[in-house]
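Reader: I'm new to this one. Could you walk me through a few of its packing details?

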Amino acid sequence: MKLLFTSVLLAMASTAILAQDIQNNPGSNHGNKFEQLGTILNTPNEQRTASGAPGTKYWQQRADYNIKCELDEKTQKLTGSETITYYNNSPDPLTYIWLQLDENEHNNLRNAAYPTSSTAPRGGGSVQALDAFTTSDNHSADNGYGDIITKLTDVLGNKLKYTINKTMVRIELPETLKPGQQFVFNLDWNYKISDRLKFGGRGGYEYFPGDGNYLFTMTQWYPRLCVYSDFQGWQNHQFAGRGEFALTFGNFKVQITVPADHVVGGTGECINYAAVLNPERLARFQKARTSKVPVEVVTLAEAKKAETAPSPAKKTWVFQANNVRDFAWTSSRKFIWDAMGQDVSGKKVMCMSFYGKEAYGLYSKYSTRLVAHTVKTYSSFTFPYPYPVAQSVEASNGMEYPMICFNNGRTQKDGTYSEGTKNGMIGVIIHEVGHNFFPMIVNSDERQWTWMDEGLNSFVEYLTEELWDNTFPSKKGAAYTITDYMKLPKNELEPIMTNSENIVRFGPNAYTKPATALNILRETVMGRELFDYSFKEYAKRWAFKHPTPADFFRTMEDASGEDLDWFWRGWFYGTEACDIALDSVKVARADINGKPVAGRGFGGAGGFAPGNPNKVAPPAVNSFDDISKIKNRNDKSKPFQTDLDTATHDFYWKYDRGLVGVDTVKFAAMLKNMPPAGGIATDPLSSDEAAKYTGKYFYTLSFSNKGGLVMPVIVEFTFTDGTKMLDRIPAQIWRLNEKTASKFYVQDKEVASIKLDPLRETADIDESNNYWGKMPAPSKFAIFKQKTAAAGRGQSVGVNPMEVAK
């Protein structure tokens, strides 16, 4: 039977894929898309192994904070003092340390000053838009924003020398901090809180003129340690606003003094609820611990009443958070507060939401339930959520911190809302709560590699949205949502591995493309079982540690047994797109009872283009001396010798020129006299063996890789009886020739049509070349519905605009 298969392959002219040039030279079709990444990745060492796991000598630093701060609502000013204990767990002696002063982003003289091209301010000539522009102009006088350090001393009160460089401050240590030692110092500071809607950014306040109250979202609010790591040293790249954070794990105790009628939510657990809540609210909170539905700790009526009569008194809320990389908090008298407990691997997680009356119609129904669903679902794909609290705050924003995040989703004044507003709120809450896993726990460097948290998180968000509601219009993962981006001109694209501050199209590159890549890896390349095991292994290995891209890539391969370097190279290091074309289909059928059976269509040289099977096949050349009917393939003035010598015009000569199909030769007789591959004659096939293929249909499909990105080829056959068959060809079909490939099929039934990538799972940017045969035309309504759905999902961006603007 090996002889029979090889013979058919030869008869269908599909041997090209078996004998392709693999030399890596300028004249070859072969490139390096399947070469190993090699030195592109960090060299494995005792800190980070070749398997992608932390090594036996892995280390990371630690910073503990004891912070006291007070919010002055009338002047919108925050004043604080902190004691920081820094642990040098590295093998390196340190003579200085670096801290981040993120609030300097808002100062016109001390920000990172990374210029970009500018036009008229958004909002045209409005006063607000012009104010925002002029207050960031570094040619103006100091606008008064940013961190002001009033004291910096060691634990004994001795002043420390420091240098502020824009959004970073270097503290010179009085003595070298040796490995294993710790350094304790004190820092007092204050800053003017910015209007978040005016200045942008992640933190600040929002003023509500209708009721005269403020909602504060306090983020990047305290001077905090930079990361010192084995692979980079100090990560002290300036904070320019978009590239987010690299932070050190530690323990926090934070005391926050605010107006007495404010409700405060923060990272970690409040350890003095008994002091700041009245007995009725405290009882509601205790009830919420065991409730299966959200319980209002502060009701809508109470929040509305508080808005009308601000208290002049003060209260101090105390929070404790262990093994976190950051601390954020929120404060307002406008808040409704609800909560419920969620069991995760036998542990109770308090899921809570804080929101004003403007969001009550949505948040009271969905927010806390979404927090619980997200914590539970992400845990199933990674590791059990380890923290005691998870919180969602409505702040017309989208940003994440350990155990707390800020989201959007307000109703109309009458409490109604559109489905788009609802779905946007659902997506952003799942996304921001999901960030607890990436990067709050799997603590990658956001300033260097945005995709390691935004891309991975968007991918799991997509899975979580599907499990929330199978009709939810998820957008971060479906392959077709990234095609508009990937077909852009090359000068508008960068690899996923591009530094966060240098990405031109931030949403697609940092969120949607990596999420899509991972979804393709799970659904199309690896399969769910292999992918889910490997992805979970990465999450477990690097929980509460600092992974790099190499650690992720290596772990995914190490845990799955799959060589994925071709995938990382194409999707993460390249900008090529997937465009696989079905160039031609050659068709034949074995004769029945010695009578020829007409072929249905041809392709390739002298044949027919895919998608046009209804054209009439060219007439066979029955008179071998009729050279005028034979078109010279190179169109030269002088024909080849075989063109002139009719004795050489056998079946293969005519078939290669598209002049005949298999139907002009008795198939059984051909097989009987066909020698095996290599030309070594053996016993002829028996009539029984030949008869086995009588009546079968033979198809050779020729593909071309027009986009450059190597991907699996997914082929769907639709037979004339209406049944279908799907064949998934691994991407390795391109490994010896990255431009063209072919595959031969033996089918029991006649094929009516062939379609590549029928489920749109490879992000193919041009589906017009994916067809052969009669394809049913979609109705006008179906086309309209598809375009409407794509527009509603924002398929060219695939990221919540509130978060991109954060």
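**Helix pairs and a strand residue**

Author: Happy to, and keep in mind that this is a predicted model. Let's start where two helices touch: on the α9 side, Trp451, Glu454, Gly455, Leu456, Ser458, Phe459, Tyr462 and Leu463 meet Ala510, Tyr511, Pro514, Ala515, Leu518, Asn519 and Arg522 of α11.

Reader: How many residues of the contact of α9 with α11 are nonpolar?

Author: Sorting that contact by residue class gives three polar and two charged residues. The nonpolar count is 10.

Reader: Is α9 parallel or oblique to α11?

Author: Helix α9 covers residues 451-468 and helix α11 covers residues 506-526, with axes 7 Å apart. They pack at an angle of about 55 degrees. Angles under 35 degrees would be roughly parallel and 65 to 115 roughly perpendicular, so α9 against α11 counts as oblique.

Reader: And is the crossing of α12 and α13 left-handed or right-handed?

Author: Here helix α12 (residues 528-542) packs on helix α13 (residues 549-560) at about 130 degrees, their axes 8 Å apart. That angle makes α12 oblique to α13. As for the hand of the crossing, it's right-handed.

Reader: Is asparagine 407 buried or exposed?

Author: Asparagine 407 sits in strand β23, residues 404-407. Its relative accessibility is 0%. Buried means under 20%, so asparagine 407 is buried.

Reader: Which side chain makes a polar contact with the side chain of asparagine 407?

Author: Beyond its neighbours within four places in sequence, asparagine 407 is in contact with several residues, including Tyr363, Val393, Ile429 and Glu432. The side-chain polar contact, at 2.8 Å, is with serine 392.

How values were computed:
Residues numbered from 1 in each chain as written. Predicted model: local features only at pLDDT ≥ 70, side-chain atom pairs only at ≥ 80, totals over all residues. Heavy atoms only, no water. Axes fitted to C-alpha atoms, helices over the stretch in contact; angles between N-to-C directions. Helix = DSSP H or I, 4+ residues; strand = E, 2+ residues; numbered from the N terminus. Parallel < 35°, antiparallel > 145°, perpendicular 65-115°, else oblique. Left-handed = near helix turned anticlockwise from the far one by under 90°. Buried < 20%, exposed > 50% of the residue type's maximum accessible area, 1.4 Å probe, protein only. Polar contact = N/O pair within 3.5 Å; in protein donor to acceptor, adjacent residues only side chain to side chain. Contact = heavy atoms within 4.5 Å. Nonpolar A, V, L, I, M, F, W, Y, C, P; charged D, E, K, R; others polar.
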